[in-house]
Amino acid sequence: MSEPDANPDDSDWELASAYLDGDADPEERARVDASADLLAKVAELGDARAALAATPAVPAVVRDAAIAAALAAFDQAGSDQATSDQATSTGTGWVTAAATPVTAAPATSAARSRG
């Protein structure tokens, strides 16, 4: 929150998150309870939490294959960049190539808990 260009709304989101997590003190809880806007933020965060919790587990072999594909794409982009001026001018091709297979295979619950 001490960042000079932080969104002024960030403190409300932090308060809503603390409220949802049970980390808000009594004064903060009262502030949230009295504000329809803050309660809406709590509900939105709760919905996001529920959606993330409902993400299906992906078999380890699928996850590992997706990570290997992303790493291979990264390595290929690095070698392409070394030999091509075009790769240098775009600079983001490897990001798209690497992110696509990983986003298709979320981590298993065991991997998430190892964090």
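Here are a few exercises on the model above, each with a worked solution.

The model is predicted, so to speak: local features need pLDDT of at least 70, side-chain atom pairs count only at pLDDT 80 or more, and totals for chains, interfaces and linings use all residues. Residues are numbered from 1 along each chain as its sequence is written, and side-chain values use heavy atoms, with hydrogens and water left out.

**Exercise 1. The overall build**

Work out how many helices and strands the protein has, and what share of its residues is buried.

Solution. Start with the DSSP runs: a helix is H or I over at least four residues, a strand is E over at least two, and numbering goes from the N terminus. That gives seven helices and zero strands, so to write the order down you get α-α-α-α-α-α-α from the N terminus on. Next, sort residues by relative accessible area: buried is under 20%, exposed is over 50%, and partly exposed is in between (1.4 Å probe, protein chains only). Of the 115 residues, 18% come out buried. Then take the surface, using the Shrake-Rupley method with a 1.4 Å probe, where for residues only the protein chains shown count as cover. The protein exposes about 7900 Å², and carbon and sulfur atoms supply 58% of that. Last, look at contacts (heavy atoms within 4.5 Å). Among those with a separation of 6 or more, 59% come from residues 24 or more positions apart.

**Exercise 2. Helix 1**

Find which residues of helix 1 are buried, and what they pack against.

Solution. Helix 1 covers residues 10–21 and spans 16 Å from its first C-alpha to its last, close to the 16 Å expected; the expected span is 1.5 Å times one less than the number of residues. Its buried residues are Asp-12, Leu-15, Ala-16, Ala-18 and Tyr-19. Just past the end of helix 1, Gly-22 has a positive phi of about 80°.
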